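Dear colleague,

I am handing over the structure below, together with some notes on what was found in it. Please read the notes with the model open beside them.

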Amino acid sequence: MAPPRGKATRRASETGSGVSAPAVEGGASAAPSEPAAVPEAARPRARRCGPAGASGSRREKSRLDPREKPQVRARAARAEDQAEGLAAPTADAEPPAVPGHPLPRATARSRATPSSARARRPQSGPPDGPGPWAPAPHLGQREEAPGAWKPRAVLEKLKLSRRAISIAAEVVNRLVDHLLRRLNSCESEFKGVDLLGTGSYYERVKISAPNEFDVMFKLEVPRIQLEEYDNSSAHYFVKFKRNPKGSPLDQFLEGGILSASKMLSRFRKIIKEEIKNIEDTDVIMERKKRGSPAVTLLIKKPREISVDIILALESRSSWPASTQKGLPINNWLGAKVKSNLKRQPFYLVPKHAKEGSLFQEETWRLSFSHIEKAILKNHGQSKTCCETDGVKCCRKECLKLMKYLLEQLKKKFGNRRELDKFCSYHVKTAFFHVCTQDPHDSQWHYKDLELCFDNCVTYFLQCLKTEHLEHYFIPDVNLFSRDKIDKLSKEFLSKQIEYEQNNGFPVFDEF
């Protein structure tokens with residue numbers, strides 16, 4: 001019998017398909033993605049950053065254990081999916097896939113170095129709207145890396161002040177600790193909730209200022225049964241296999257289904273009441289955004305900081321079948337690491353599925369932000385990659401530059417709706433796929449930063465042009481399907497990125 005449909009209310013015009021909030025950072029590491037739903041030969045192929053070398057030793061289980069007890073950290077860029085927590089650092093969308101034609105492979109280009117980079121042909125100005133446009137020369141035909149700009153200077157500008165981070169983290173940690181104590185009180189339906197540190201702050205890839213943080217509050221729910229919603233692969237109804245009488249979650253059941261909207265509403269109400277009791281901190285709650293799983297708080301003093309708090313159900317069952325071919329890191333981090341990661345819990349957040357122009361409010365969406373954090377923390381084939389005595393790669397630097405590129409374009413075209421639905425999660429997903437395609441540390445030498453970044457940009461452009469960006473954990477989900485992001489928006493972003501790539505990324509020096 002088909003699962004109950006539940007109520008669908010919210011408008012889809014303000015969606016975003018993800019669970020994450022704005023974030024940007026400064027750190028160093030990256031993550032993978034290997035072929036799954038789309039055959040290897042059909043996927044967008046990024047150009048090689050450097051010579052393919054030995055694969056290096058595989059990392060041990062302990063290196064990618066995401067269960068470490070976190071402290072709060074700063075938030076990642078949001079428009080669709082992400083969430084997390086916070087702590088002072090010690091160093092610097094998921095809709096169903098749309099079947100379509102195979103993705104063309106971008107041809108590999110010969111190796112080049114910044115010193116041999118060819119001069120870019122100047123253009124009179126970037127295109128500023130959708131419509132007919134002349135495509136740039138085939139990206140795979142270039143024989144040299146872009147050389148008109150200085151990526152290290154840009155990264156230096158993106159470095160966050162330790163002092164600023166420390167001050168912000170202290171304020172946010174104090175807020176989070178207060179809320180956790182209230183949620184764990186005897187009369188709370190959320191007793192047992194705990195902090196899960198994920199997001200750009202925890203991943204050490206945050207950029208810009210430490211004024212946005214994601215905090216995920218996890219609540220373990222044992223013995224649950226998932227029913228996939230409408231073949232979406234990512235959204236599920238949640239039921240209890242055995243529901244003991246007197247469970248505090250009974251009040252959130254609708255016809256045997258754990259209602260995401262009811263639970264989020266109660267979670268929001270408790271937080272709204274409790275922030276009134278926080279002394280020495282001026283905190284207000286922002287209005288609920290339709291389709292968003294986050295409770296957004298705005299700290300007014302000592303400086304303005306936005307904090308997104310996301311409730312996540314923790315399940316220690318086997319990962320859903322839709323993830324079986326996802327997390328393609330065998331050739332990058334190794335089969336043993338993949339096996340260890342898939343033994344970790346998975347999470348469900350109250351991000352509702354779209355039902356036409358509305359939202360199905362009883363559904364929950366899968367989240368693997370803790371696994372993304374683990375991959376970015378231990379991102380090299382070699383166990384010593386980027387360690388004090390090891391060889392430094394440029395994976396994390398490439399991710400930070402990709403996030404900054406999208407962020408700057410959003411600032412530049414802030415009044416254009418074409419960029420509304422693009423978020424840092426899209427950039428991170430594409431980056432993971434490039435790491436899977438170029439798994440060797442020798443392909444990410446720090447001296448090849450400019451070339452490797454150009455490689456990542458090229459892959460992202462191919463995803464925009466083919467309208468296909470495969471979810472890294474759920475291969476059947478296409479983050480660039482037309483029901484999520486229209487074709488004109490993808491064409492607009494593609495044109496802007498091509499202009500930047502052909503002219504040495506002038507947007508990096510703006511704003």
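A polar contact here is a pair of N or O atoms within 3.5 Å, where within protein one atom must be able to donate a hydrogen and the other to accept it, and where residues adjacent in sequence count only if both atoms are side-chain atoms. By that rule, the side chain of His-352 reaches the backbone oxygen of Thr-363 at 3.4 Å, and the backbone oxygen of Glu-361 is reached by the side chain of His-352 at 3.5 Å. His-352 sits in the loop between strand E10 (346–349) and strand E11 (353–355), where helices (H or I, at least four residues) and strands (E, at least two) are DSSP runs numbered from the N terminus. His-352 counts as buried because its relative accessibility is 3%; buried means under 20% relative accessible area, exposed over 50% and partly exposed in between, with a 1.4 Å probe and protein chains only.

Before going further, please note that this is a predicted model, in which local features need pLDDT of at least 70 and side-chain atom pairs count only at pLDDT 80 or more, while totals for chains, interfaces and linings use all residues. Residues are numbered from 1 along each chain as its sequence is written, and side-chain values use heavy atoms, with hydrogens and water left out.

Next come the aromatic rings. The structure holds 20 aromatic pairs, counted for rings of Phe, Tyr and Trp (its six-membered ring) with centres within 6.5 Å, and planes under 30 degrees apart count as stacked, over 60 as edge-to-face and the rest as tilted. In one of these pairs, Trp-149 and Phe-453 have ring centres 5.4 Å apart and planes at 65 degrees, so the pair is edge-to-face. Trp-149 belongs to the segment before helix H1 (151–158) and Phe-453 to helix H9, so this pair ties together parts that are 304 residues apart in sequence. Trp-149 and Phe-453 are both buried. The rings of Phe-368 and Phe-473, by contrast, have centres 4.9 Å apart and planes at 10 degrees, so that pair is stacked. It links distant parts of the chain, with Phe-368 in the loop between strand E13 (364–367) and helix H6 (369–377) and Phe-473 in the loop between H9 and helix H10 (487–502), 105 residues apart. Phe-368 and Phe-473 are buried as well, and both belong to a cluster linked by ring pairs, whose members include Phe-431 and Trp-444.

Leaving aside residues up to four places away in sequence, Cys-456 touches Cys-398, Met-402, Phe-431, Val-434 and Trp-444, contact meaning heavy atoms within 4.5 Å.

The remaining notes concern helix H2 (residues 162–183) and helix H4 (residues 260–274), whose axes are 10 Å apart and which pack at an angle of about 120 degrees. His-178, Leu-179, Arg-182 and Leu-183 in H2 meet Phe-267, Ile-270, Ile-271 and Glu-274 in H4. Ile-278, in the loop between H4 and strand E7 (283–285), is buried with a relative accessible area of 11%. Ile-278 touches Leu-175 and His-178, again not counting residues up to four places away in sequence. From Ile-278 to Arg-174 the separation is 104 residues in sequence and 9.3 Å in space, C-alpha to C-alpha.

Methods: Axes are lines fitted to C-alpha atoms, for helices over the stretch in contact, and angles run from 0 to 180 degrees between N-to-C directions.
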